[in-house]
Amino acid sequence: MTDGPIVDGSSMRHVLGHVATGVVAITGIHPDSGEPVGLAANSFTSVSLDPPLVAFCVGLTSTSWPLVRAAGRFTINILADSQEAVCRRLASPGADKFRDVDWTPAPSGAPVLTGALAWIDAELDAEHAAGDHTIVVARAHHLRASDQEPLLFYRGGYGRIARPDDPAGGVV
């Protein structure tokens with residue numbers, strides 16, 4: 001048996017960039033400082049309806065995930081197409097991610113970002129090592145959705161879905 005071709009990170013990123021994904025912001029309240037903490041991710045999926053589980057992936061080098069994990073409960077905010085700036089802010093490194101970001105508390109107290117398409121108030125169920133990322137499985141406790149359009153990430157940029165009655169049509 002011969003080894004197949006070697007897949008490098010750059011090629012992998014290029015090819016997988018062709019999969020359009022939604023974007024989420026995972027937010028919590030740090031138990032020591034009482035300040036909101038969070039990060040953005042585009043690897044989010046439903047796992048199970050019974051029990052109600054979802055999953056997202058975070059890089060091993062993330063300095064934000066340990067802060068959110070420490071909160072115990074957190075909110076997964078599914079971002080609306082108008083929230084690109086919020087996504088960019090939460091995806092950036094630094095401590096002042098919530099400057100000029102409006103939010104209200106979920107039942108757990110974790111931040112629900114104002115204008116989010118939907119949110120899931122959850123707690124950590126399991127973590128699984130997976131290469132240079134951690135797969136985080138979370139159990140949903142409360143959730144809500146609104147009638148908006150999602151923020152999409154595709155080929156390194158942001159976009160939105162255009163409704164069929166929109167003259168632009170398709171994804172823009």
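Tutor: One aromatic cluster is formed by Phe56, Trp65 and Phe74. Rings of Phe, Tyr and Trp (its six-membered ring) pair if their centres lie within 6.5 Å; planes under 30 degrees apart count as stacked, over 60 as edge-to-face and the rest as tilted. Please note that this is a predicted model, in which local features need pLDDT of at least 70, side-chain atom pairs count only at pLDDT 80 or more, and totals for chains, interfaces and linings use all residues. Residues are numbered from 1 along each chain as its sequence is written, and side-chain values use heavy atoms, with hydrogens and water left out.

Student: How many aromatic pairs does the structure hold?

Tutor: It holds four aromatic pairs. One of them joins Phe56 and Trp65, whose ring centres are 5.6 Å apart and whose planes stand at 80 degrees, so the pair is edge-to-face.

Student: Is Phe56 buried or exposed?

Tutor: Phe56 is buried, at a relative accessible area of 1%. Buried means under 20% relative accessible area, exposed over 50%, and partly exposed in between (1.4 Å probe, protein chains only). Trp65 is also buried, with 2% relative accessibility.

Student: What about the rings of Phe153 and Tyr158?

Tutor: Their centres are 5.3 Å apart and their planes at 65 degrees, so this pair is edge-to-face. Phe153 is partly exposed at 25% relative accessibility, and Tyr158 is partly exposed at 24%.

Student: Moving to the strands, what is the order in the sheet of seven?

Tutor: The open sheet runs S3-S2-S6-S9-S10-S5-S4, with antiparallel pairing. Helices (H or I, at least four residues) and strands (E, at least two) are DSSP runs, numbered from the N terminus, and two strands pair if DSSP finds at least two bridges between them.

Student: Which strands are at the edges?

Tutor: The edge strands are S3 (36-41) and S4 (44-48), each of which pairs on one side only. On average, neighbouring strands of this sheet are turned by 35 degrees against each other, direction ignored. Axes are lines fitted to C-alpha atoms, for helices over the stretch in contact, and angles run from 0 to 180 degrees between N-to-C directions.

Student: How many bridges join S9 to S10?

Tutor: Twelve bridges join S9 to S10 (residues 133-145), and the two strands run antiparallel. Ala118 stands opposite Ala145 in S10. S9 and S10 form a hairpin with two residues between them, and Gly131 in the turn has a positive phi of about 65 degrees.

Student: And on the S6 side?

Tutor: S6 pairs with S9 (residues 118-130) in the antiparallel sense over six bridges, and Arg73 stands opposite Glu123 in S9. S6 (residues 73-78) is also joined by four bridges to S2 (residues 24-29), again antiparallel. There, Ala25 faces Asn77 in S6 as its opposite residue.

Student: Which helix lies across S2 and S3?

Tutor: That is helix H3 (residues 84-91), which runs at about 105 degrees to S3.

Student: What is the order of the three-stranded sheet?

Tutor: That open sheet has the order S1-S11-S12, and its pairing is antiparallel. Its edge strands are S1 (21-22) and S12 (157-160). S1 and S11 (residues 151-154) pair over two bridges, and Leu152 in S11 is the bridge partner of Gly22.

Student: Changing topic, what is the volume of the largest pocket?

Tutor: The largest pocket has a volume of about 1,300 Å³. On a 1 Å grid over the protein atoms alone, a pocket is an open set of points where a 1.4 Å probe fits, with protein on both sides within 12 Å along at least five of seven lines; lining residues have an atom within 4 Å of a point. Grid points are joined across faces, edges and corners, and a volume is the space filled by probe spheres set on the points.

Student: Which residues lie nearest its centre?

Tutor: Of the 35 lining residues, Arg13, Asn42, Ser43, His133 and Phe153 lie nearest the centre. Helix H1 (9-16), S3, strand S5 (53-59) and H3 each give two or more residues to the lining. The largest share, five residues, comes from H1.

Student: Lastly, what does Arg69 touch?

Tutor: Arg69 touches Leu124 and Glu127, not counting residues up to four places away in sequence; contact means heavy atoms within 4.5 Å. Arg69 belongs to helix H2 (residues 65-71) and is partly exposed at 34% relative accessible area. Arg69 and Leu124 are 55 residues apart in sequence and 7.4 Å apart in space, C-alpha to C-alpha.
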